Amino acid sequence: MPTKADLTSADLTEIRQAALGAADPLGIAADLADAAETGRLADPDDAGHALTLAAEIAESRSKLDAALGYAERAIASYATPDDSKAGAAHALHARLLFRSGRDDEALAELEALRPLLTEAPDAAAYVTAALAAGGRSKVIVAEQWLTEAVKKALAGRATEPTSADDAGLTFFLLQQRHRVRHTLGLPHDTNDNLADRLENKLAATTARAAAEPADDLLFWPQPEFDRMLSTWPALAQPYGATWDDHRAHLERELVRLTSAGRSGLTLLPATVTGLTGFAGSDNDPTDAKTRAGYARQQATRAGQITWPPERNGACWCGSGNKYKKCCLPRSR
């Protein structure tokens, strides 16, 4: 399974899924490291990702020295040593140190990551996974660290969170702490009960979202958007008052539908001429039923825009910018 030139983030994800079943996973790990260091990545910022993947592949084959080397190179590739991605590489390195019998070094490396527990959504998971490699005594440490982080996060709030969205990053802390305490066989406490309530509410919300009808996914390219608002000002309400608002609404709706389990999503290019023609003389183009019918018509025609594009690919909106620099952030 040789890797190609100009590897994208999507390629790295595919390699992660397939490498462990390949005939020569260690060869793939070496090629990933070479790609990171010889400019064969579509986005140079993916170097840390590629090297971390190489380390994980080597670890899976118990080649701990090689894995440690890749992890150290991954850490060195990050310009900002204290960001979350660098933190994940540090946690992997610490896990490898535990597996190599270097517990004191591993614990010191993880101790430096503790501030990330209240700053990065994924830190609770990767710090806990690293500590678990040190055995039950280190899982107990994980429970203690997570408990302190939860207390700190909740102390900064005026009221108890009422939903996962309301809790924000604290939700991930509560979830991870709850799992660790279950692993240790500890009895439920107040924060375990809070984690249960938030998880149950999230599950119910997700189920409702899956049952909700989608907004029409008509996409108005900028010239058509300007013409549409000039022709029908009332459509600013469903489609946005500006083209930025329109793109942000679509991106958020697509993310919502994906979270609700939908797949194979596409955007449906719309034109003023097309909607006018569909409405004819008997229907109001601004009526929701007319617009929904037009969307159904467009869904049967060529020219649909597949979503999502690759992070480093051209954005779906036609701006000419990379997706990660254009509409991807609009969902946040």
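Ala123 lies in helix H7, which covers residues 123-132; helices (H or I, at least four residues) and strands (E, at least two) are DSSP runs, numbered from the N terminus. Ala123 is buried, because its relative accessible area is 0%; buried means under 20% relative accessible area, exposed over 50%, and partly exposed in between, with a 1.4 Å probe and protein chains only. Leaving aside neighbours within four places in sequence, Ala123 is in contact with Leu116 and Leu117, where contact means heavy atoms within 4.5 Å. The C-alpha atoms of Ala123 and Gln176 are separated by 9.9 Å, and these residues stand 53 residues apart along the chain.

The structure is a predicted model, in which local features need pLDDT of at least 70 and side-chain atom pairs count only at pLDDT 80 or more, whereas totals for chains, interfaces and linings use all residues. Residues are numbered from 1 along each chain as its sequence is written, and side-chain values use heavy atoms, with hydrogens and water left out.

The secondary structure of the protein chain comprises 16 helices and three strands. Along the principal axes, the C-alpha atoms fill a box of roughly 80 × 50 × 30 Å. Of the 332 residues in the protein chain, 44% are buried. Among contacts between residues at least 6 apart in sequence, 60% join residues at least 24 apart.

The largest nonpolar core contains 66 residues, of which Leu32, Leu110, Leu117, Leu131 and Leu173 touch the most other members. Such a core is a set of buried Ala, Val, Leu, Ile, Met, Phe, Trp, Tyr and Cys residues joined through side-chain atoms within 4.5 Å. In soluble globular proteins, nonpolar side chains tend to be buried together. When residues up to four places away in sequence are not counted, Leu131 touches Phe98, Leu107, Leu110, Lys138, Val139, Val141, Ala142 and Trp145.

Helix H8 spans residues 136-155. Its 20 residues reach 29 Å from the first C-alpha to the last, close to the 28 Å expected at 1.5 Å a residue; the expected span is 1.5 Å times one less than the number of residues. The buried residues of H8 include Lys138, Val139, Val141, Ala142, Glu143 and Trp145.

Three strands form an open sheet of mixed pairing, in the order E1-E2-E3; two strands pair if DSSP finds at least two bridges between them. Strand E1 (218-219) and strand E3 (305-306) stand at the edges with a single partner strand each, so one side of each is left without a neighbour in the sheet. E1 and E2 pair in the parallel sense over two bridges, and Leu218 stands opposite Leu268 in E2. Strand E2 (residues 266-269) and E3 run antiparallel and are joined by two bridges, with Ile305 in E3 as the bridge partner of Leu267.

Pro308 is placed in the segment after E3, and the peptide bond from Trp307 to Pro308 is cis, with omega near 0°. Ser62, in the loop between helix H3 (47-60) and helix H4 (64-77), has a phi near 60°, a positive value in a residue other than glycine. Most residues other than glycine have a negative phi, and most peptide bonds are trans.

The largest pocket has a volume of about 490 Å³. On a 1 Å grid over the protein atoms alone, a pocket is an open set of points where a 1.4 Å probe fits, with protein on both sides within 12 Å along at least five of seven lines, and lining residues have an atom within 4 Å of a point. Grid points are joined across faces, edges and corners, and a volume is the space filled by probe spheres set on the points. Of the 16 lining residues, Ala164, Asp165, Leu202, Thr206 and Ser259 are the closest to the centre of the largest pocket. Helix H9 (164-167), helix H10 (169-184), helix H11 (190-211) and helix H14 (243-259) each give two or more residues to this lining, and H11 gives the most, with six residues.

Arg252 is also located in helix H14. Arg252 counts as partly exposed because its relative accessibility is 44%. Not counting residues up to four places away in sequence, Arg252 touches Arg330 and Ser331. Arg252 and Arg330 are 78 residues apart in sequence and 7.3 Å apart in space, C-alpha to C-alpha.
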